[in-house]
Amino acid sequence: MLDGNLMADTPHLLLVDDERSIREPLAQYLTKQGFRVTQVGDAEAARTRLGAYAIDLVVLDIMMPGEDGLSLCRYIRATSETPVILLTARTEETDRIVGLEMGADDYMVKPFSPRELAARIKVVLRRLQAGGTRQHAPDATAYAFAGWILKTGERTLVDHEGVAVPLSTGEFNLLHALVTRPRQVLTRDQLLDLTQGREAAAFDRAIDNQVSRLRKKIEADVKNPQLIKTVWGGGYTLAAEVTRL
Amino acid sequence: MKALFPRNLSGQLALLLALALFAAQAINLALLLRERANFRLAQTTRPAAIRIADALDHAGNRPIRGERSRVRRHEANPIPLGFERMPKVGAELREQLSELGISPRQIDTGIRLRERSPRRHDHRFAGRTSDTLMIAVQLPNGTWLTTNAPWPRRDNRILWALLAQTIIIYVLILLPVLWITRRLSRPLRGLADAARTFTPRKEIPALAVEGPTDVRDVIVAFNGLAQRVTAMLDEKDRMLGAIGHDLRTPLAALRVRIESVEDEQDRARMAETIAEMSRTLDDILSLARLGRPSERITEVDLTALVDAVVEDFRDLGAEVVFEEAERIRLHLRPTLFRRAVRNLIENALKYAGHAEVTIVAEPTQIRVCVADRGPGIPEEALTAVFDPFTRLEVSRSRETGGIGLGLALAQAIVHDAGGTITLSNRSGGGLMAIIALPTSEAPARG
């Protein structure tokens, strides 16, 4: 038996997936990685467990018979602060958008590496412990700032003439981090943390590099940036009003 | 001649009607003219025969004193040689005379043309122009009896009247025919357009049912067909989605389970195989769904799009060079087009380990070029590689992965955007893939 202290230190995950062939080995793996895992096969069971235990994070499959994962995600978001990582069988962008709009903290496309899932769970939990910077509010489909519109679904910027300017994954993640926190100073470490957790793609290149690429796209004068401002002492901030659309 | 033949329904009907009417009126005219000719013959010969018989009865062998329009006696044939002969009249007259018991030795006829300035008109033929038919009958005793009869000229007015009549009938018939054909052909044309532009998407409204019942039936049948095709494609999408899900689930289970494989290298290889299967699955699903893209066409900065794709590769540490270019605005489906560019670059990376990407903007077309210095492709296989599931045995071993869907997918996407995609071997080695897009605004398909 585990004693109470150890229980409190071990993050308690609720794994919701109707596929036993995925759920069981995944629970095994995550347990090995030092998590306490409660696994259930449907949304109904998940609701009762959520009420009964102090769950730290929910790993949730979107496609389930009966009540699906998105609806459960909406319920969790409405009733608690518990972070959610979605598992989706589809690569379609719409799933991702809908998932993030529902307030999921991250999502993974099947088949995923359990290692990476474990790493992302840790990132989300660490963010939570650090406090404040968690991707909490449901994501919007678009953000408007300084004549630009950032569309989260297509990972695309749209200029004032309506022309789409596609962004690379890195650029999008950085800009997304900035527009969801306007007028906040974000250090390079914070930015790295915020941008890494969201995509599978390795993101090794320096934040500075991405910032200069972004500035080239959105600043009127790259030498004298007015939107993404460098803060003395290390960090960047978005100096613009942002409207959620 | 062929060029003059109308191709559409109303034109053909109008032409056919015109020809039929013309033929009918021509037959009418021929009949009418024959009737008139017979009438004229009878009108001319009968009184002449009676007059001659009367003259013979009354006068016996007395010389007949000449009065105008009456019978005169001559010693020789008085009809000048230059006059036009009417043998038909002669034959008819001989028949009639023989009925009256007279068998002349010879009958001669001739037309005396009327003078240009008519001084007098026969009241019976008032208003008509007529010449005079001279009839000379040689009696068995050798003397000639002559008599004159009016010989009406051929009347051209009847031709004109007939022509006018034809035109009036034609116009009167043509108007309702055109109305009917218009009523027929308008919905038919709509049907043809609908069939031509038919792209099975849910939001396509059913064609309005109009026109005569025959056409209505066709339109209703077409609407039903369109609905069935759309339903079938929906079914296909659902099925593919289900297949995708059902295959991905065991793959995902496998992916989770291999974490327990001790050997690091083994596990990495298994993970790679699973990832490859998953990618192939994605490609199959995308290719199958490409006929009904869900993404909307939007105006996109093509340079930024290519730049973003290249940047994603560079973030992963791939050696991809992109020459900065001007901003280029085009109408595309951005997410799909990203995929086309990505597949080309992926191909170059797979076979050459690096890629050079350039954009060339010309007045009529934009070219996105992806070049490498890899082994290239044999000339004869340059087009075959676009076929789905084609793989060049020589260069594409199992380890390099992929089943050749990448290029097929890229091509389908570029075609959807109204462009073309070509491969060529570069001088000095390597492969060059070129996406050519027309610069004209929005592509034809929306």
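Q: Which residues of the largest nonpolar core touch the most other members?
A: This is a predicted model, and in it the largest nonpolar core has 67 residues, of which B:Val306, B:Ala340, B:Ile345 and B:Ile413 touch the most other members.

Q: OK, and what is B:Ala340 in contact with, leaving aside its neighbours within four places in sequence?
A: Once those neighbours are left aside, B:Ala340 is in contact with B:Ala410, B:Ile413, B:Val414 and B:Ile435. One of these partners, B:Ile413, is also among the residues that touch the most other core members.

Q: What does the second, separate core include?
A: The second core has 40 residues, and these include A:Leu14, A:Val16, A:Ile55 and A:Phe112.

Q: Back to chain B for a moment: is B:Ile359 buried or exposed, and why?
A: B:Ile359 lies in strand 8 of chain B, which runs over residues 354-361. B:Ile359 counts as buried because 20 other C-beta atoms lie within 10 Å, and 20 or more is what the cut-off asks for.

Q: What does B:Ile359 touch, then?
A: Not counting residues up to four places away in sequence, B:Ile359 touches B:Leu302, B:Thr303, B:Val306, B:Ala325, B:Ile328, B:Ile366 and B:Val368. As for distances, the C-alpha atoms of B:Ile359 and B:Glu326 are 8.8 Å apart, although 33 residues separate the two along the chain.

Q: How many helices and strands does chain B have?
A: Chain B has eight helices and 11 strands, and 23% of its 446 residues count as buried. Of the contacts in chain B with a separation of 6 or more, 67% are between residues 24 or more positions apart.

Q: What about helix 4 of chain B, how far does it reach from its first C-alpha to its last?
A: Helix 4 of chain B takes in residues 213-257, 45 residues in total, and reaches 65 Å, which is close to the 66 Å expected at 1.5 Å a residue.

Q: Which of its residues are buried, and what covers them?
A: The buried residues of helix 4 of chain B are B:Ile219, B:Arg248, B:Thr249, B:Leu251, B:Ala252, B:Ala253, B:Arg255 and B:Val256. Their cover includes helix 3 (157-196) and helix 5 (264-289) of chain B, together with helix 2 and helix 6 of chain A.

Q: Where does B:Gly241 lie, and why does it count as partly exposed?
A: B:Gly241 is part of helix 4 of chain B, and it counts as partly exposed because it has 17 C-beta neighbours inside 10 Å.

Q: Changing topic, which residues of chain B does the UniProt annotation "transmembrane region" cover?
A: According to the UniProt record, which is an unreviewed entry, the annotation covers residues 158-180 of chain B. In the model that stretch is 100% helix and 0% strand, and its end C-alpha atoms are 33 Å apart.

Q: How many residues does each chain bring to the contact between A and B?
A: The contact takes 33 residues from chain A and 30 residues from chain B. Helix 2 (20-32), helix 6 (114-130), strand 9 (164-166) and helix 7 (169-179) of chain A each supply at least two residues of the side of chain A that touches chain B, and helix 2 of chain A gives the most, with five. By class, that side of chain A has 17 nonpolar, eight polar and eight charged residues.

Q: Last one: which peptide bond is cis?
A: The peptide bond from A:Lys110 to A:Pro111 is cis, with omega near -5 degrees, and A:Pro111 sits in the loop between strand 5 (106-109) and helix 6 of chain A.

Definitions and conventions:
Residues numbered from 1 in each chain as written. Chains lettered and ligands numbered in written order. Predicted model: local features only at pLDDT ≥ 70, side-chain atom pairs only at ≥ 80, totals over all residues. Contact = placed C-beta atoms within 7 Å. Helix = DSSP H or I, 4+ residues; strand = E, 2+ residues; numbered from the N terminus. Nonpolar A, V, L, I, M, F, W, Y, C, P; charged D, E, K, R; others polar. UniProt positions renumbered as here; feature names shortened; annotations may be inferred. Expected span 1.5 Å × (residues − 1). Buried ≥ 20, exposed ≤ 12 C-beta atoms within 10 Å, placed from the backbone. Core = buried A, V, L, I, M, F, W, Y, C linked by C-beta atoms within 7 Å.
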